[in-house]
Amino acid sequence: MPSPTRTPIFSADESLRRLRQSVHAKAGNFYAMYSSVLGGIVTDPAMMVLPLDDHMVHRGHAVFDTATLTHGMLYQLDPHLDRLVRSAEGARISLPFPRERLRQIILDTAAASRQREGSMRYWLSSGPGGFGLGPGECFGSSFYVIVFKQEAYPESYYSEGIKLITSHVPIKPPLFARIKSTNYLPNVLVVLEAKDRGADNGVFIDQRGMVAESSNMNVAFVSKDHVFRHPPFDAILSGITIQRVLEFARRLAQRGELQEILIEDIPISEGRQAAEMMLIGSSIKVAPVIQWDGQPVGDGKPGPIAKKLLEMCNEDVRSTADQLVAVPYPE
């Protein structure tokens, strides 16, 4: 009987060589990463790694947020960063640096990437220090930032609309739903369930039978009498994009294209009677829902309010000065 193959033990040089060999094809879409463990920025995807003993990895004790890099500007950086800090407070993660230093690191990482379009994602973790449950063993919190190519949703999502299902995955309790943590297993399962059932995404329903949110997007409706409706934010994540879209909806109301804006409980039965339904988030922006659990929403076609809100989002990203922060690219 042949002896079993022994598992190799690598030197530091061999480990580095193999890390570079193991970089997969999509890593070309990872442009720059900051790590507080390293204390700086790397642009080699092979070096974009985390310590295994970071509690973000083995306990999920971390929070994150994302901002869009567009035309060399970061869109809504400060609202997203403020939410990151609030999430960290809720998760009892101390900041490794003052907020303004975190902000500068994000901008410096964007500049190091030399990219003018993409996504910025950043994490605050309780940090490395061991494999226990409590963070008391950690040597201090960690901060990570990465710039990567944003994957665009199919154009058909906007021109033809999205199909949703009511998910059977239990919704997160309010405490966890309001914190943007790395614990996204329920969110992943919603998407997998939707794909299994021939849909694009799913909708969480709370214990009272009220519409809550989608996998990582907010859900809004327009009633047949032109009222824009959205669930309350006490038990779901308060999306940065939906807060901006609510401002756009108020502008439409001022122009007479909507009658009213209501933040209120929405029973499933009332949601199903809507003229329009839409998903709203920083990556998808505003996408019309044309089918829910196999039944058409409204007339089964993308509606006019979703289209107008998407146009307003796109214009906002391009040109609204108070929402854009310039990246300090090197000369």
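Biologist: Is strand 10 (residues 218-222) largely enclosed or open, and how many of the five residues are buried?
Modeller: This is a predicted model, where local features need pLDDT of at least 70, side-chain atom pairs count only at pLDDT 80 or more, and totals for chains, interfaces and linings use all residues. Residues are numbered from 1 along each chain as its sequence is written, and side-chain values use heavy atoms, without hydrogens and water. Strands are DSSP runs of E, at least two residues, numbered from the N terminus; buried means under 20% relative accessible area with a 1.4 Å probe, protein chains only. Strand 10 is largely enclosed by the rest of the structure, because the buried residues number five of the five.

Biologist: Which residues of strand 10 are buried on each side?
Modeller: In a regular strand, side chains alternate between the two faces of the sheet. Both faces of strand 10 are covered. One side holds N218, A220 and V222; the other holds V219 and F221.

Biologist: Which residue of strand 13 stands opposite V219?
Modeller: Strands pair if DSSP finds at least two bridges between them. Strand 10 and strand 13 (residues 276-281) run antiparallel, joined by five bridges. Opposite V219 stands L279.

Biologist: Which residue takes a positive phi in the hairpin of strand 10 and strand 11?
Modeller: Strand 11 (residues 227-230) pairs with strand 10 in the antiparallel sense, over two bridges. There, R229 faces F221 as its opposite residue. Four residues lie between the strands, and the positive phi, near 65°, belongs to H226.

Biologist: Which residues does G132 touch?
Modeller: G132 sits in the loop between strand 5 (118-125) and strand 6 (142-148). Contact means heavy atoms within 4.5 Å. Leaving out residues up to four places away in sequence, G132 touches H55, H58, R59 and E137.

Terms used:
Buried means under 20% relative accessible area, exposed over 50%, partly exposed in between (1.4 Å probe, protein chains only).
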